[in-house]
Amino acid sequence: MSSCPLCDQLATPDPAFHVAQFASSTLLVGEHQFYPGYCVLVLNRHVRDMVDLEPAEQALVMADLMKAAEAVQAAYEPFKLNYACFGNQVPHVHWHIFPRFAGEHNLCDQPFSASSHFSEFRTTPQQAAEVAKKLRRAL
């Protein structure tokens, strides 16, 4: 990978999608809202995997993740939160936070099982600003 899209996104942030800066990471509104409140926590520096971080920084990332999750929980009141940190497509430490709601037809499936529908729910800048504002109030 010649360039990292997450590094690029952090270098030139879209203010509508920026939620908060934490100790080691940045919380961004996700590129789709198939799951209302979906967001992504991105490590502030380019590192391929959590295991490549020193234990103290691993703890900071996890604390940031819990702050972000608490905000999503408070703002959207989901039935459950799902977390994903793969990095196979973009090898930069980041966590997907998926709010899951009672009554979803695919509640028992992992969130990416619906990925073919994500593009139908692409987040507009106006939606992103609304989600970011809601999450910031909950932080």
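Reading the sheet, its helices and a pocket

Modeller: In this predicted model, helix α2 (residues 55-76) lies across β2 (25-29), β3, β4 and β5. The direction of helix α2 runs at about 25° to β5.

Biologist: Which strands does helix α3 touch?

Modeller: Helix α3 (residues 125-138) packs on the sheet and touches β1, β2 and β3. Its direction makes about 35° with that of β1.

Biologist: How should I read the sheet, and what is the order of its strands?

Modeller: Strands of a sheet pair through backbone hydrogen bonds, in either a parallel or an antiparallel manner. Here the sheet is open, with five strands in the order β1-β2-β3-β5-β4 and antiparallel pairing.

Biologist: Which are the edge strands?

Modeller: They are β1 (18-21) and β4 (80-84), each of which pairs on one side only. On average, neighbouring strands of this sheet are turned by 20° against each other, ignoring direction.

Biologist: Over how many bridges do β3 and β5 pair?

Modeller: Strand β3 (residues 39-43) and strand β5 (residues 94-100) are joined in the antiparallel sense over four bridges.

Biologist: What is the volume of the largest pocket, and which residues are closest to its centre?

Modeller: The largest pocket holds about 570 Å³ of space. It is lined by 23 residues, of which Glu31, Tyr38, Val90, His94 and His96 are the closest to its centre.

Biologist: How is a pair of aromatic rings described?

Modeller: Two values are used: the distance of the centres and the angle of the planes. The count for this model is nine aromatic pairs. Among them, Phe34 and Phe118 form a tilted pair, 5.7 Å centre to centre with 50° between the planes.

Biologist: Where in the chain do Phe34 and Phe118 lie?

Modeller: Phe34 is in the loop between β2 and β3, and Phe118 is in the loop between β5 and α3. The two residues are 84 residues apart, so the pair links distant parts of the chain.

Methods. Residues numbered from 1 in each chain as written. Predicted model: local features only at pLDDT ≥ 70, side-chain atom pairs only at ≥ 80, totals over all residues. Heavy atoms only, no water. Pairing = 2+ DSSP bridges. Axes fitted to C-alpha atoms, helices over the stretch in contact; angles between N-to-C directions. Contact = heavy atoms within 4.5 Å. 1 Å grid on protein atoms, 1.4 Å probe; cavity = no way out; pocket = protein on both sides within 12 Å on 5 of 7 lines; lining within 4 Å. Points joined across faces, edges and corners; volume = space filled by probe spheres on them. Phe/Tyr/Trp six-rings, centres within 6.5 Å; stacked < 30°, edge-to-face > 60°.
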